[in-house]
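The model is shown first.

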Amino acid sequence: MNTPPRTRARLRPLRAADLPRVVELEVEMFGPSAWTYGMLAEELGGLGRWYIAAEEIRDDRPGPGDIVGYAGLWFDGEITQIMTLGVAPRAQHCGIGSQMLGALIDRSRELGASAILLEVAVNNAAALGMYEKYGFARLGLRKRYYQPEDVDAYTMRLDLTAVDTAVDSVAETA
């Protein structure tokens, strides 16, 4: 049995030139609730925003690889909010989501945030598992949060003042 090679990625700042590819990934991953080009452009240029791209590392050819993931956060001066985190289906379960989440947590610490908040679909078991592995706790339920699918979302929080060593040990094993 031939196993396909594990996708590897390097993180870099997300650029406006990346948005057409990000729109493709949005539709592939999130379907009817995908963000539009305009929404993504507004987010990327928004005050207090920080976005990264996961660029595939290709051993078979030189130059930049395809974007296989992206993530971003918003900092309001006290708490960061993860606005989005997505990995192309073909690159999932390769550690890229954890790599990006670790970068968002590190950036939140650099900014002096006391906590990180996020919403995640209740039916997204892989994302829930990853967030819980990093110490995020469920705070509540937002009914029909994701539209037009009418999917509920859990609100989750990571207290950065209490988990420094726990998150570091998870990142070392990821």
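## Charged pairs

Arg-109 counts as partly exposed because its relative accessibility is 25% (buried means under 20% relative accessible area, exposed over 50%, and partly exposed in between, with a 1.4 Å probe and protein chains only). The side chain of Arg-109 meets that of Asp-106 in a salt bridge, 4.0 Å from N to O; a salt bridge requires a side-chain nitrogen of Lys or Arg within 4 Å of a carboxyl oxygen of Asp or Glu. Both residues lie in helix α3, three residues apart, about one turn of the helix. Helices (H or I, at least four residues) and strands (E, at least two) are DSSP runs, numbered from the N terminus. Asp-106, at 40% relative accessibility, is likewise partly exposed.

The whole structure holds 13 salt bridges. In one of them, Glu-119 pairs with Arg-142, with the closest N and O atoms 3.3 Å apart. This pair links distant parts of the chain, 23 residues apart: Glu-119 belongs to strand β5 and Arg-142 to strand β6 (residues 137-146). Glu-119 is buried at 16%, whereas Arg-142 is partly exposed at 38%. Glu-43 and Arg-49 also form a salt bridge (3.1 Å, N to O); Glu-43 is buried at 11% and Arg-49 partly exposed at 27%. A network of salt bridges links Arg-10, Arg-12, Asp-18 and Glu-55.

## Basis of the model

The model is predicted: local features need pLDDT of at least 70 and side-chain atom pairs count only at pLDDT 80 or more, while totals for chains, interfaces and linings use all residues. Residues are numbered from 1 along each chain as its sequence is written, and side-chain values use heavy atoms, with hydrogens and water left out.

## Helix α1

Leu-19, Val-22, Leu-25, Glu-26 and Met-29 are the buried residues of α1. Seen down the helix axis, they fall within an arc of 110 degrees (taken from the directions from the axis to the C-beta atoms), so they line one face of the helix. They pack against α2 (37-45), β3 and β4, contact meaning heavy atoms within 4.5 Å. Just after α1, Gly-31 adopts a positive phi of about 55 degrees.

## Nonpolar core

The largest nonpolar core has 42 residues; such a core is a set of buried Ala, Val, Leu, Ile, Met, Phe, Trp, Tyr and Cys residues joined through side-chain atoms within 4.5 Å. Among the members that touch the most others are Leu-85, Tyr-131 and Phe-136. Elements giving two or more residues to this core include α1 (19-30), β4 (79-87) and α3 (96-111).
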